[in-house]
Amino acid sequence: MFERLLIANRGEIALRVIAACRDLGIKTVAIYSTVDRDSLHVQLADEAICIGEAPSSRSYLSVPAIISAAEIADVDSIHPGYGFLAEDASFAEICQGCGIRFIGPRPEAIRLMGDKSQARKAAAEAGIPVLPGSPEPLRTPSEAAGLAQSIGFPVILKASMGGGGRGMRIVRDPSRLKDSFLQATAEAEAAFGSGQVYLEKFIERPRHIEFQVLGDEYGNVISLGERECSIQRRHQKLVEEAPANGVAAEQRARMGETLARALSTIGYSNAGTVEFLMDEDGDLHFIELNARIQVEHPVTEAVCGVDLVKSQLLLAAGEPLGAVVPQTPSVSGHAIECRVNAEDPRTFLPSPGLVRRFVAPGGPGIRVDSAAYSGWSVQPHYDSLVAKIIAHGDTRSQAIARMRRALSMCILDGIKTSIPLHRRILRTPQFADGRYDTKFIEEMGL
Ligand code: MV4
C-alpha cells in the first residue's frame, strides 16, 4: 500500500481523499495556492506545500510546481480529485515517469476517453449501445451531409476534444448542415486546438443517466449501478440521485453486465463514470466516459455501501477487485445530493466572499461533504461548490423528506447560495414524482 500521497486538488474533494487515506494509514500531503493558506485541506493534511499563486494555471494546474512538490515531499502517489489535472493523460504519464503512482486509469485509457469520437467508437466496438452517428471524425462537409441524411434530422455535431457540453451544435434543417459543419470545425479548432467533429442523432429531451464502474489492474470490472443527473443548468449539475428514476433492476443488471464486459475488453481500470442519454422510450445510449472520481460519487456510496475513494486507492495499489469489493454490490434505498454553490439562486451568478457562519446539518441519513467553515472565504478563482448535502433513506420519499429537513437546518450566512433554489426544486410535484428531464430547470423557471 502507498505510504505518502499528494492530493493535487483543494476543497471538499481534498478532504474526501484525506479521509480515505486516514482509513488506510496513508500520510497525506496537501498543496495549496497563496489564497488557500487558511483552507481546511491545508490544516487537515499531515503536511502542506504552497505551490503558487491564485490563478489555477499558476498552481493547481501547474505540472512543474506539483511534481516539484511531490519530489520534495517524497510521495509515492498522487490523487488528482476531479477537475484540474484529473483527466490529463500527459500528467498521469509524467507521474509514472517519476515513479509516482497516479490514482486513476492508465494514461492510455485517459487519453482514449478524452477524445470523445474515439471513445464512442471504442464503446461501440466493445458492445455498449451508442446513438446512430459517425464512426470516425467527419472529413468534409459533404461527408457530414450524407451521413446526416441517412441518420435523419435533427442531428448534433460535437467536437472530438470537447465534452461536458462544450463544442456542440444542433442541426435541425438539412440546408444548414454544411455551414454548421464548417462553423463547428472552426470553433472546435479555436477552442480545443483540434477541428475534429463527429455527428450523432439528436435526442430531444434526454435524461442524463450515468453508471459508476470500478476496475482492477487484471481486467476485472464491475458496475455499481447508476445515478440520475438530469437536474442541471448550462451543464452544471444541481441535484443528483441514485438509483435513477425509470431504471428497473433488470435494465440496471443488464447494462452492468454489458459495461463490465466492454470495459474489461477496453482495458479500463480504477474508477470511471459511463454517461448515457435516456430517450423517451427508456433506452440508454452511451455518450462519454469520465475517467475520474465524480462530484456526485457519494450517492452511489450511499446506496451501494462502497467507499469509492478508498476503492480507487486499493485498486491503484494492485489489489484485485474481489478483495476491494467482495461481492457485487446491490443497490439498496435511495440517495439524493444537492450541490450548494456560492451563487445567486435566481441569476446563477457567482457570489464569492466571506462565510460569516456555517453550520452543517446532520441527523439520521444526512452526510455533508464540505471544506467550508465559519470565517472562511469562497475564492473567486475556483469553482463555487461550497458543500454537498447527501440524504439517504430506505425509499425515495424518505430521502426527499430528509433532504428537506437538512436544507432547513443548514446555516450558511454571508454569501448567496443555491439553498433556496434546492428548496424550490424539492417542492415541485415533478421532482416528487421523479418525472423530469434535462429541460427541468429551464422550463420550470425556478
Ligand atoms: C446530446 C444531447 C442530445 N443528443 N447528444 C450535453 C453534455 C454532454 N455530455 C452531452 N450533452 C448532450 N448530448 C445527443 N446525441 C443533449 C445533450 C445535452 C445534455 C446532456 C446531459 C445533461 C444535460 C444536457 C443539457 C443539454 C444538452
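Which atom of the ligand is 2.9 Å from an N or O atom in the side chain of Lys 158? In this predicted model, the atom in question is a nitrogen of the ligand. A nitrogen atom of the ligand is also 2.9 Å from an N or O atom in the side chain of Glu 200. The backbone takes part as well, with a polar backbone atom of Lys 201 placed 2.7 Å from a nitrogen atom of the ligand. On its own the ligand has 520 Å² of accessible area, and the protein covers 89% of this area.

The shell around the ligand comprises 19 residues, and the closest of them are Lys 158, Glu 200, Lys 201, Ile 203 and Glu 288. Sorted by class, the shell holds eight nonpolar, six polar and five charged residues. Four strands each contribute at least two residues to this shell, namely E6 (155–163), E8 (197–201), E12 (270–278) and E13 (284–290).

Strand E6 also has a partner in strand E7 (residues 166–171), to which it is joined by five bridges in the antiparallel sense. Lys 158, one of the residues closest to the ligand, has Met 168 in E7 as its bridge partner. The hairpin of E6 and E7 has two residues between the strands, and Gly 164 in this hairpin adopts a positive phi near 60°.

A separate set of strands was examined next. In general, strands of a sheet pair through backbone hydrogen bonds, and the pairing may be parallel or antiparallel. Here, five strands make up an open sheet with parallel pairing, in the order E3-E2-E1-E4-E5. The partner of E3 is strand E2 (residues 27–33), and the two strands pair in the parallel sense over five bridges. Within this arrangement, Ser 33 lies opposite Gly 52 in E3.

Two cavities of 30 Å³ or more were found. The volume of the largest cavity is about 50 Å³. This cavity is lined by 13 residues, and those closest to its centre are Pro 80, Ile 103, Gly 104, Ala 291 and Arg 292. Its lining consists of eight nonpolar, four polar and one charged residue.

The second largest cavity has a volume of about 40 Å³. Arg 10, Trp 376, Val 378, Gln 379, Tyr 382, Asp 383 and Leu 385 form its lining. By class, this lining divides into four nonpolar, one polar and two charged residues.

The volume of the second largest pocket is about 270 Å³. Of the 16 residues that line this pocket, Ser 223, Arg 252, Ala 253, Thr 328 and Pro 329 lie nearest its centre. Strand E10 (221–233) and helix H9 (249–266) are the elements that give two or more residues to the lining. The largest share comes from H9, which supplies six residues. Nine nonpolar, five polar and two charged residues make up the lining of the second largest pocket.

Key: Residues are numbered from 1 along each chain as its sequence is written. This is a predicted model: local features need pLDDT of at least 70, side-chain atom pairs count only at pLDDT 80 or more; totals for chains, interfaces and linings use all residues. Side-chain values use heavy atoms; hydrogens and water are left out. A residue is near a molecule or strand if one of its heavy atoms lies within 4 Å of it. A polar contact is a pair of N or O atoms within 3.5 Å; within protein, one must be able to donate a hydrogen and the other to accept it, and residues adjacent in sequence count only if both atoms are side-chain atoms. Accessible areas come from the Shrake-Rupley method with a 1.4 Å probe; for residues, only the protein chains shown count as cover. Ala, Val, Leu, Ile, Met, Phe, Trp, Tyr, Cys and Pro count as nonpolar, Asp, Glu, Lys and Arg as charged, and the others, Gly among them, as polar. On a 1 Å grid over the protein atoms alone, a cavity is a set of points where a 1.4 Å probe fits but cannot get out, and a pocket is an open set with protein on both sides within 12 Å along at least five of seven lines; lining residues have an atom within 4 Å of a point. Grid points are joined across faces, edges and corners, and a volume is the space filled by probe spheres set on the points. Two strands pair if DSSP finds at least two bridges between them.
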